[in-house]
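Subject: Structure for you to look at

Hello,

Here is the structure I promised. Please open it next to this email and follow along.

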Amino acid sequence: MFNKVLIRYGEIGIKSRGTRRRFEEILKNNIKLALKRYEIEGNIRTLHRRLLLEVDDSNLERVVSILEKIPGIVSFSPVVECNLDLEEIERTALEVFLRRVRELGRDTVTFRVKTQRVKKNFPLTSVEVNRYIGERILKYFQGAGPGNITLKVDLKNPEITLGIEIIDRAYVFTEVFRGVGGLPVNSQGKVLVLLSDGIDSPVAAFLMMKRGCGTVLLHLKISEEGLEKVEKIYQVLRDYDPTSKLLVFDYRGILKAIRELLEEIGEERYTCIVCKRIMLKIAQEYAKRFGCEGITTGDNIGQVASQTLRNIYVISEGISYPVFRPLIGLDKVEIVDIAKRIGTYNISTSKELRCFAVPRYPVTRGDVEKARELERYVLERIGDILSNKPLK
Ligand code: ATP
Ligand code: MG
């Protein structure tokens, strides 16, 4: 019955006309790419402030789970469309309503009709349509409708809300699925995300995607197990940004050298700081190569030694790109909630991998001059770190 999906977007709706067009095109493209990834054919067109996706109805369930993850979509509904004609709307409404009643399988059902004139090109007001269609439905159930079902109108908390949107045609539905909201990925340029196998950075990546950033994910490989987890996380994140790339850079040798060199001179307490500074240097280089306009990490104030307010400053000093830390104001439980919701939590926690280089007593209030000096000391001894080619 439902082979069309009416897609509503939020913030794009309030932009100027030109910007809105551009955003609509980007959103359409993202939807197409996401469907293609799951080998689903779909046709998509722009309506007035809505998109309409046409798919084979056997794919509907999969399409719902795809659309739920595409930033920029606020909500969507599988719909049946008909002409802007009251009789046709009535017929379609009854058909859609009956189907939902049968699905519910109850003796008593409460309902309401909720009409929205997205385009004000229909002679009746929304309230008039609600009243008219509502009455017709009631009458139908009292008369020839399916036996022994009692219908009641409930405007506050009904079991079925029959939605009607009046646009170029009428779109009738009973279900509204929520999307992630935000802005379409790539409407705001790209960021380079430092992606680890932990809980935080996948959430940070998601939050940047949600704000319309395309992503280049850079993983600095320390172990095979870590990389395996990151590859799984990447598959989940691609549902949100189908244009996302994963770059992997072999970091184990560098990290080992940092730890050993600092230990030799009795400065192993600075290992994490120097490690993170070098990570950002590598990230900066790849941001440049891939046309990104910022770097993103999963840092969060006070979570671990390298993330004290002071150390965040000491680590980012000397980096010319803005470093975005979208988790900065969240509590761990809030981060965990998002990780669960987006589907990365179970992968991140599947096997806890501890970094072999973390010293026993890491510095919590690093000194910026000293950090810079130690970094130079290390880099002089390990040579050109960027001559390492990415593994993929
Ligand atoms: P996460 O849960 O994201 O691993 P964390 O709380 O474990 O974060 P750290 O391990 O100190 O904290 O990492 C801080 C940030 O540095 C990460 O969120 C990530 O952005 C980046 N990072 C850490 N390790 C790596 C890595 N191996 N490759 C790429 N980025 C990394
Ligand atoms: Mg980590």
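How do the residues of the lining of the largest pocket divide into nonpolar, polar and charged? There are 20 nonpolar, 14 polar and ten charged residues in that lining. Keep in mind that this is a predicted model.

**The largest pocket**

The volume of the largest pocket is about 1,400 Å³. Its lining has 44 residues. Nearest the centre lie Ser196, Asp197, Lys276, Leu353 and Cys355. Four elements, H5, E11, H6 and helix H8 (271-289), each give two or more residues to this lining. H8 gives the largest share, six residues.

**The second largest pocket**

The second largest pocket has a volume of about 310 Å³. It is lined by 18 residues, and those closest to its centre are Lys114, Thr161, Gly163, Phe173 and Val176. Strand E5 (108-117) and strand E7 (160-166) each give two or more residues to the lining. The largest share, five residues, comes from E7. By class, this lining has five nonpolar, five polar and eight charged residues.

**Helix H6**

Now find helix H6, residues 224-237. H6 has 14 residues and reaches 20 Å from its first C-alpha to its last. That is close to the 20 Å expected at 1.5 Å a residue. Which residues of H6 are buried? They are Gly226, Leu227, Lys229, Val230, Ile233, Tyr234, Val236 and Leu237. These residues cover an arc of only 165° around the axis, so they sit on the same side of H6.

**Two residues with positive phi**

Most residues other than glycine have a negative phi. Glutamate 39 has a positive phi, near 55°. Look for glutamate 39 in the loop between helix H1 (17-37) and strand E2 (42-47). Is glutamate 39 buried or exposed? Its relative accessibility is 74%, so glutamate 39 counts as exposed; the cut-off for exposed is over 50%.

Asparagine 186 is not a glycine either, and its phi is positive at about 80°. Asparagine 186 is in the loop between strand E9 (177-178) and strand E10 (190-194). With a relative accessible area of 27%, asparagine 186 is partly exposed.

Best wishes

Note on methods. Residues are numbered from 1 along each chain as its sequence is written. Chains are lettered from A and ligands numbered from 1 in the order in which they are written. This is a predicted model: local features need pLDDT of at least 70, side-chain atom pairs count only at pLDDT 80 or more; totals for chains, interfaces and linings use all residues. Side-chain values use heavy atoms; hydrogens and water are left out. The expected span of a helix is 1.5 Å times one less than its number of residues. Buried means under 20% relative accessible area, exposed over 50%, partly exposed in between (1.4 Å probe, protein chains only). The arc is that of the directions from the helix axis to the C-beta atoms. On a 1 Å grid over the protein atoms alone, a cavity is a set of points where a 1.4 Å probe fits but cannot get out, and a pocket is an open set with protein on both sides within 12 Å along at least five of seven lines; lining residues have an atom within 4 Å of a point. Grid points are joined across faces, edges and corners, and a volume is the space filled by probe spheres set on the points. Ala, Val, Leu, Ile, Met, Phe, Trp, Tyr, Cys and Pro count as nonpolar, Asp, Glu, Lys and Arg as charged, and the others, Gly among them, as polar.
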